[in-house]
Amino acid sequence: MAAAPVPDKARLIDGKAIAAELLEKTSREVERIVADHGKAPALAVVLIGSDPASEVYVGRKIAQCRKAGITSIEHRLPEDTDEAALLSLIDGMNADPAIDGILIQLPLPKGIDAALVLDRISPHKDVDGFHPVNVGRLSSGTGGLVPCTPLGIMMLLDTVIDDYRGLDVVVIGKSNIVGKPVSMLLLEREATVTVTHVETRNLPDIARQADVIVAAAGVPHLVRGYWVKPGAVVIDVGITRVTEPDGTTRLLGDCATHELAHAAAVTPVPGGVGPMTIACLLSNTVRAARMARDA
Ligand SMILES: Nc1nc(=O)c2c([nH]1)NC[C@@H]1CN(c3ccc(C(=O)N[C@@H](CCC(=O)O)C(=O)O)cc3)C=[N+]21
């Protein structure tokens with residue numbers, strides 16, 4: 001009898017398709033809100049300076065809002081905007097009943113204290129889930145708005161895992177945006193979560209124990225084939241733009257995906273976590289709008 005065929009490719013988790021489904025669902029909720037309240041949810045997006053990657057992401061966010069029927073209000077401020085002006089813009093948006101969600105695109109220019117700015121956003125309008133009240137709610141499992149990338153990661157994982165209890169998950173990266181909040185969501189599902197980072201010793205050995213790896217270190221192709229146990233699920237959150245000698249640019253994830261044929265499933269870059277982040281931003285905006293209208 002012939003041996004079972006050795007897979008030459010891990011299953012790809014199609015973030016683009018799953019994000020499109022979520023967007024479809026969000027559009028229907030937007031229609032319902034318009035029918036009930038006569039007004040679409042509204043998201044304010046603030047971009048300071050002209051970082052090219054930020055321009056791309058903000059452009060995508062606005063385009064997706066339009067598709068879903070969400071009103072977007074864009075504020076583009078110069079690189080040398082002072083902190084006080086930004087804080088007073090936020091105060092105005094907090095008080096404006098026409099605005100349901102506020103997103104301040106990160107990173108902020110040097111000279112602006114990001115913590116101070118994020119603290120100023122009303123927790124009810126904090127669709128990024130970065131305000132200390134929402135961070136606290138997430139870590140105590142008491143609701144609140146949840147950061148978009150971690151929410152999107154869980155939705156991708158949910159397509160291949162139905163019971164997380166006791167699974168060994170290794171998170172690589174300890175950022176406030178991804179590593180820490182995704183660890184909280186996984187703990188909530190009763191996975192055994194190991195949070196690692198650039199200073200972690202023997203990272204390949206630790207990663208090789210994992211049933212699930214969430215790679216969010218921002219180091220291109222950090223996770224190599226020998227780091228991954230056969231049959232593991234790998235979520236690639238990293239996205240680094242590199243310029244080739246011929247001037248063309250390419251996006252690299254944190255995983256050497258071509259070495260991961262022995263994984264059960266992997267997410268591609270692009271087309272994995274990125275589109276989910278944006279789709280979850282829109283669904284958070286609808287959630288914030290519903291909470292505001294039901295209040
Ligand atoms: N306040 C704030 N909230 C954020 O959620 C936030 C932020 N600041 N600053 C930057 C990071 C990064 N981020 C991404 C969103 C979409 C893609 C995305 O759509 N990526 C596409 C490719 C995009 C491309 O072509 O460059 C993909 O992976 O398929 C990536 C990254 C949100 N972030």
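Predicted model: local features only at pLDDT ≥ 70, side-chain atom pairs only at ≥ 80, totals over all residues.
1. Domains. The assignment for the protein chain lists two entries: domain 1, covering 38-125, and domain 2, covering 147-274. Taken over C-alpha atoms, the centres of domain 1 and domain 2 are 28 Å apart.

2. Pairing of β2 with β3. Strand β2 spans residues 42-48 and pairs with β3 in the parallel sense over seven bridges. Two of the pairs can be looked up directly: Leu43 has Ser72 of β3 as its bridge partner, and Ala44 has Ile73 of β3. As background, strands of a sheet pair through backbone hydrogen bonds.

3. Burial of β2. How many of the seven residues of β2 are buried? Seven of the seven are, so β2 is largely enclosed by the rest of the structure. Side chains in a regular strand alternate between the two faces of the sheet. In β2, Ala42, Ala44, Val46 and Ile48 point one way, while Leu43, Val45 and Leu47 point the other way. The residues of both sets are buried.

4. The ligand shell. The ligand is surrounded by 18 residues, and the closest are Tyr57, Leu106, Pro270, Gly274 and Thr277. Two or more residues of the shell come from each of α2, β4 and α9 (273-294). Of the elements, α9 gives the most, with four residues.

5. Make-up of the shell. By residue class, the shell around the ligand holds twelve nonpolar, four polar and two charged residues. Which domains supply at least three residues each to the shell? Domain 1 (38-125) and domain 2 (147-274) both do.

6. Val234. This residue lies in strand β8, residues 233-236. Is Val234 buried or exposed? Val234 has 26 other C-beta atoms within 10 Å; the cut-off for burial is 20 or more, so Val234 counts as buried. Leaving out residues up to four places away in sequence, Val234 touches Ile213, Ala215, Val223, Val228, Cys255, Leu260, Ala263 and Val266. Val234 and Gly129 are 105 residues apart in sequence, and their C-alpha atoms are 24 Å apart in space.

7. Ala256. This residue sits in the loop between β10 (249-252) and β11 (265-266). Ala256 has 18 other C-beta atoms within 10 Å, and because this falls between the limits of 12 and 20, Ala256 is partly exposed. With residues up to four places away in sequence not counted, Ala256 touches His221, Val223, Arg224 and Gly225. Val223 is also among the residues that Val234 touches. From C-alpha to C-alpha, Ala256 and Ile18 are 23 Å apart in space, and 238 residues separate them in sequence.

Technical notes
Residues numbered from 1 in each chain as written. Pairing = 2+ DSSP bridges. Near = placed C-beta within 6 Å. Nonpolar A, V, L, I, M, F, W, Y, C, P; charged D, E, K, R; others polar. Domains from an automatic or database assignment. Contact = placed C-beta atoms within 7 Å.
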